[in-house]
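This report describes selected local features of a protein model. The sequence and structure are shown first, and the sections that follow treat one topic each.

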Amino acid sequence: MSLWRIRTVVEDRPGQLAGIVAAMARHGGNVVGLSIHADAAGVVDEFIVDVPGDHRALLREVAGRSVTDSVTAVPAQPREVGDDTTRALLLTARLRAQPNRLPEALRELLLADEARWTNLTRPAATFPEEPETTLLVPVGPLRAVRLRRADRPFTWTESARADALVRSVLPATGPAPTDGAVVTHRGAELFVWQTTGADADAIQRLHRRCSAETARRRYFAAMPELSPRMLGVFCDPERGLTLAARPMRGREPVALAHLMYTLDPGVGEIALLVEDSWQGEGVGTALARVLTAIAADWGLAEVRADMEAGNRAMNRLMHRLGATVRPPRDGVVQARLPVAGTVPSRRPGRLMTLLGQAGAPGTGAGSRPVDPARAR
């Protein structure tokens, strides 16, 4: 018997995971560990499998069931069999006593080959391997840990895990706020707040002011006003988060932004509605950046947005944020955006969040450090 760590991209629909497990069982494979990841390719399942004899026939059948027709397999060690959550909690406890050993802890968490400190203020030497085999994890405003793993690319989920481990040992500053001021790149000043039941009438009035086309792009159907059930969903924190935005000198909301839970591990869904007279002012992009920062603060690996194929404004917005946009399927386009690292590393005693002054420099999206204060 030999132990293998096997990764494959599984089509995100019922029964696909069961089919792969059954294929492994037919070849005598015993699944002793399973982890589900979000990544640019889709849902990535990672198995630790005890395989009798030659494992290549098993890999061929699993590859035939993969979205990409391929699998990644590397030898595993018995010490790698265990619960990822337990390992992360033990590493956090260890780091509280020895925070200077953060690179070592990240290397152990992600089973990386190498981890070392690097400086964010100047270009650093890169590893010779492909970019997907390196991961940069921000630690404070000036430093980061660069990880390398030659045999398997890092996934968005692993980036989120590393970011969460780092933030677990940084000075406590509380969660990212959901109320505050945002300035768009066009200079529009907005006040953003989390909606409650008291905002139901104002939300309804916003929908009545929106054109039929604006409502259709948001809901994929005519929606002149919201039903009481939908209003309840928008104001229910158990379903997710709804933010409203109004001009600093106004009283009525001009936009809504939703961050909703999904059944996919580590994945949130975002949606935006901007009143017609405020479109083109950067409101949607600013609110999307707020949502991605909050999603990262929740520990999500990615956010997704479904939109009509002809919704060019939303398509441009998601491209601007660095999302991966899939080809249309049945007239619907899905954009997927990794969010780990979009919460700025916070200095002791200072809350460095998106809801503050605009104009601070940022460096991009994905696993690199981002300052979401610049709402574009």
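## Salt bridges

Arginine 26 is exposed, with a relative accessible area of 52%; here buried means under 20% relative accessible area, exposed over 50%, and partly exposed in between (1.4 Å probe, protein chains only). The model is predicted: local features need pLDDT of at least 70, side-chain atom pairs count only at pLDDT 80 or more, and totals for chains, interfaces and linings use all residues. Residues are numbered from 1 along each chain as its sequence is written, and side-chain values use heavy atoms, with hydrogens and water left out.

Arginine 26 forms a salt bridge with glutamate 61, with 2.4 Å between the closest N and O atoms. A salt bridge is a side-chain nitrogen of Lys or Arg within 4 Å of a carboxyl oxygen of Asp or Glu. Because arginine 26 belongs to helix H1 (residues 16-26) and glutamate 61 to helix H2 (residues 56-64), the pair ties together parts that are 35 residues apart in sequence. Helices (H or I, at least four residues) and strands (E, at least two) are DSSP runs, numbered from the N terminus. Glutamate 61 is partly exposed, at 25% relative accessibility.

The structure holds 29 salt bridges. One of them joins the side chains of aspartate 54 and arginine 56 (2.6 Å, N to O); aspartate 54 is partly exposed at 45%. Another is formed by arginine 167 and aspartate 297, whose closest N and O atoms are 3.1 Å apart. This pair links distant parts of the chain, 130 residues apart: arginine 167 lies in helix H5 (residues 156-169) and aspartate 297 in helix H9 (residues 283-297). Arginine 167 is partly exposed, with a relative accessible area of 25%, whereas aspartate 297 counts as buried at 19%.

## An antiparallel sheet

Three strands form an open sheet in the order S5-S7-S6, with antiparallel pairing. Its edge strands, each pairing on one side only, are S5 (114-119) and S6 (134-139). Two strands pair if DSSP finds at least two bridges between them. Strand S5 is joined to strand S7 (residues 143-148) by 6 bridges, and arginine 116 has arginine 146 in S7 as its bridge partner.

## Loop residues

Most residues other than glycine have a negative phi. Phenylalanine 220, not a glycine, has a positive phi of about 65°. This residue sits in the loop between helix H7 (212-219) and helix H8 (228-234) and is partly exposed, at 37% relative accessibility. Aspartate 330, also not a glycine, has a positive phi of about 55°. The loop between strand S14 (324-325) and strand S15 (332-338) contains aspartate 330, which is exposed at 77%.

Asparagine 311 occupies the loop between strand S13 (302-308) and helix H10 (312-321). With 7% relative accessibility, asparagine 311 is buried, and its side chain reaches the backbone nitrogen of methionine 314 at 3.3 Å.

Notes
Polar contact = N/O pair within 3.5 Å; in protein donor to acceptor, adjacent residues only side chain to side chain.
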